[in-house]
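Please examine the protein chain shown below.

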Amino acid sequence: KLHSDLDKGVGTVKYTLSGDGAGTVFTIDETTGDIHAIRSLDREEKPFYTLRAQAVDVDTKKPLEPESEFIIKVQDINDNEPKFLDGPYVASVPEMSPVGAYVLQVKATDADDPTYGNSARVVYSILQGQPYFSIDPKTGVIRTALPNMDREVKEQYQVLIQAKDMGGQLGGLAGTTTVNITLTDVNDNPPRFPKSIFHLKVPESSHVGSAIGRIRAVDPDFGKNAEIEYNIVPGDGGNLFDITTDENTQEGVIKLKKPLDFETKKAYTFKVEASNLHLDHRFHSVGPFKDTATVKINVLDMDEPPVFSKPMYTMEVYEDTPVGTIIGAVTAQDLDAGSSSVRYFIDWKNDVDSYFTIDATEGTIATNELLDRESTAQYNFSIIASKVSNPLLTSKVNVIINVLDVNEFPPEISVPYETSVCENAKPGQVIQTVTAADKDLSPAGQRFSFRLSAEASNKPNFTVHDYRNNTAGIETRRNGYSRRQQELYFLPVVIEDSSYPVQSSTNTMTIRVCRCDSDGTILSCNVEAIFLPVGLSTGALIAILLCIVILLVIVVLYVALRRQKKKDTLMTSKEDIRDNVIHYDDEGGGEEDTQAFDIGALRNPKVIEDNKIRRDIKPDSLRFPRQRPPAEDNTDIRDFINQRLQENDVDPTAPPYDSLATYAYEGNGSVAESLSSIDSLTTEADQDYDYLSDWGPRFKILADMFGEEESYNPDKVT
């Protein structure tokens with residue numbers, strides 16, 4: 001209610017209201033100033049309203065007093081129940097937990113005013129879930145109420161929680177929620193076999209490593225707490241079997257470690273132990289977390305293939321052994337009760353297997369071809385044995401045959417050596433270390449010996465020092481070597497092996513003499529380097545070579561010019577009959593050559609005028625037969641020459657063809673005159689050879705020969 005001191009109750013004052021909710025939530029009587037709520041109020045929606053009121057003159061519409069502000073506060077009543085905003089809840093607690101173990105804390109919210117009365121005071125209680133769990137009325141913490149709750153007995157629990165305001169008093173509002181509690185597993189149960197004895201039947205033909213049976217221990221726990229490890233207790237037959245755990249089913253898988261044989265042993269008995277992998281120390285007092293069971297295995301008899309006496313056979317044979325030689329045998333037996341006979345044959349895979357044969361009944365292996373170790377040192381093939389009663393049952397064994405070596409190859413130097421020796425080498429200096437190789441398969445302890453050949457032992461150049469370890473050193477025996485005297489030395493080295501029969505070979509080593517410095521470092525081994533001056537630099541050598549090249553070019557040019565000048569002189573006149581000498585470039589075979597062409601044009605022009613017959617072509621007329629009187633034994637050589645010269649001079653069909661290469665017409669005025677036999681004197685008495693002595697040393701032998709003949713001529717009178 002609003003009232004102004006200026007209001008006299010005569011209706012001259014009007015009251016107005018403004019602010020929060022004016023006209024919508026609250027209204028005012030303009031005459032009396034009473035304020036009324038025109039709809040329901042909710043404190044949780046709006047706890048208070050701020051309003052402004054004023055008194056106004058009815059006539060003048062002017063305020064009588066300043067505007068005043070006031071607050072209307074909504075008083076709370078208990079109209080909201082507590083609510084669990086996070087519900088429903090899910091929680092877990094380990095099984096076998098003690099009483100009072102914490103599980104979960106719940107919380108309910110009441111929208112009423114907590115500062116006014118007990119409308120927002122909440123109290124918690126359990127409506128469903130007792131006696132397993134309890135809850136704190138004030139905090140809402142849920143705890144276990146019973147000890148040793150077993151997950152294997154009951155795993156899931158549903159608890160109904162109530163929250164009530166007004167402190168739980170009568171008339172208060174309440175809200176509920178559900179809590180689903182799960183007991184988590186702990187390893188509180190050992191594995192247990194459902195029975196104490198397991199019986200298994202296993203065929204004796206089972207393969208090693210194969211699974212022959214399964215056993216299972218039961219563990220009521222869950223997850224890793226239920227993981228079981230199986231072990232075979234050492235005892236009878238335990239060494240033939242092994243057991244592993246199937247991770248999916250937690251079963252024990254029994255596997256075979258060794259082959260079974262019904263004829264040897266028909267049954268096996270052993271114990272298997274099952275235990276947990278992950279133990280909980282809180283439950284050790286309960287007892288051992290393992291269990292034991294007995295496994296009995298009965299071996300079933302099966303029709304088996306033959307069994308070889310060895311897992312593999314190794315044999316040896318010398319190369320070049322005669323065909324048909326027995327080198328060994330394989331043996332297989334049928335161990336079944338029937339004991340059937342066995343047949344053998346080679347497992348043919350390639351052509352190599354054809355080198356051997358096997359006796360189908362006895363199993364003996366023999367050579368089928370000649371063997372060569374250098375071609376194939378080892379043969380590897382398989383032998384198959386089958387039962388006569390059941391050929392489908394076969395077994396296989398590997399056979400290795402090593403071909404032994406027969407010493408048939410001599411040892412040789414292993415690699416070609418490039419050996420050199422310095423010119424300034426000293427006696428006893430090792431210039432090369434050599435090794436040997438043998439194509440034969442060297443047995444253990446074989447050694448090679450080195451020595452010089454017999455013809456080289458007496459030469460004072462080099463020697464061979466055998467180190468007795470299959471190597472040898474080439475040593476010098478001289479004090480210095482000269483490349484100018486001898487550039488290469490050939491040293492024959494004899495190498496012998498130690499096998500029987502002894503084989504040896506002679507290997508020739510080439511040793512090159514090189515120029516070295518004082519430390520023995522090779523400077524040059526080239527032949528050209530011998531003639532190079534010592535101490536010249538590279539620039540000086542290039543300059544010398546350049547000068548030599550220039551001189552050679554000058555000489556070649558000079559010779560070419562001289563030849564060109566001489567050729568021009570000989571070819572000045574095309575009408576000169578001597579021009580034929582230039583055009584024909586054939587060389588005759590001497591005075592006895594009768595098949596060349598005529599060079600009669602080179603004769604004396606006077607003779608040409610007297611003889612009109614063309615002498616430069618072959619005439620069509622027949623040749624005149626030559627009359628050659630037999631020469632006497634004591635006829636002087638000059639008479640013989642003159643006789644042959646006269647025959648050729650008068651023979652028109654037989655020109656001196658060799659004159660083309662031997663003679664040339666020099667013309668008149670020659671100092672020595674013509675050397676041609678043309679126009680030569682016909683008698684020996686007219687010949688005078690004294691002028692040959694004046695021609696110089698090149699004609700000295702010719703002058704002496706004819707001078708002696710002239711002095712000793714018995715027909716000449718001096």
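## Confidence

The model is predicted. The mean pLDDT of the chain is 80, and 80% of its residues reach 70 or more. Over residues 601-618, however, the pLDDT is below 50, and this stretch has 26 contacts in the model beyond near neighbours in sequence. Residues 620-626 also stay under 50, with 10 contacts beyond four places in sequence. Where pLDDT is low, the predicted coordinates should not be read in detail.

## Disulfides

The structure holds two disulfides. Their values are set out in the table.

| Pair | S to S | Angle about the S-S bond | Handedness |
|---|---|---|---|
| Cys422 and Cys516 | 2.1 Å | -85 degrees | left-handed |
| Cys514 and Cys525 | 1.7 Å | 110 degrees | right-handed |

Which parts of the chain does the disulfide of Cys422 and Cys516 join? The disulfide between Cys422 and Cys516 links distant parts of the chain, with Cys422 in strand S30 (residues 419-422) and Cys516 in strand S36 (residues 504-516), 94 residues apart. Both Cys422 and Cys516 are buried.

The other link is the disulfide between Cys514 and Cys525. Cys514 lies in strand S36, whereas Cys525 lies in the loop between strand S37 (522-524) and helix H2 (538-570), so this pair ties together parts that are 11 residues apart in sequence. Cys514 is buried because its relative accessible area is 0%, which falls under the limit of 20%. Cys525 has 22% relative accessibility and therefore counts as partly exposed. When the bonded cysteines are numbered in sequence order, the pairing is 1-3, 2-4.

## A buried aspartate

Asp291 is found in strand S19 (residues 290-300). Asp291 is buried, yet it has no salt bridge. Why does Arg192 not form a salt bridge with Asp291? Arg192 is the nearest side chain of opposite charge and is 4.9 Å away, whereas a salt bridge requires a side-chain nitrogen within 4 Å of a carboxyl oxygen.

What does the side chain of Asp291 reach instead? It reaches the backbone nitrogen of Phe193, at 2.8 Å. Leaving aside residues up to four places away in sequence, Asp291 touches Pro191, Arg192, Phe193, Val272, Glu273 and Ala274.

Ser196 is placed in the loop between strand S12 (174-184) and strand S13 (197-203). Ser196 and Thr292 are 96 residues apart in sequence, but their C-alpha atoms are 7.4 Å apart in space. Ser196 touches Ala293 and Thr294, again not counting residues up to four places away in sequence.

## Backbone details

A cis peptide bond joins Gly87 and Pro88, with omega about -5 degrees. Pro88 is in the loop between strand S5 (68-73) and strand S6 (89-94). The peptide bond from Gln130 to Pro131 is also cis, with omega near 10 degrees. Pro131 lies in the loop between strand S8 (123-128) and strand S9 (133-135).

Lys61 has a phi near 65 degrees, a positive value in a residue other than glycine. Lys61 lies in the loop between strand S4 (48-57) and S5. With 58% relative accessibility, Lys61 counts as exposed. Asn148 likewise has a positive phi, near 55 degrees, and lies in the loop between strand S10 (141-144) and strand S11 (156-164).

Note on methods
Residues numbered from 1 in each chain as written. Heavy atoms only, no water. Helix = DSSP H or I, 4+ residues; strand = E, 2+ residues; numbered from the N terminus. Buried < 20%, exposed > 50% of the residue type's maximum accessible area, 1.4 Å probe, protein only. Lys, Arg positive; Asp, Glu negative; His and termini not counted. Polar contact = N/O pair within 3.5 Å; in protein donor to acceptor, adjacent residues only side chain to side chain. Contact = heavy atoms within 4.5 Å. Disulfide = S-S within 2.5 Å. pLDDT = per-residue confidence, 0-100.
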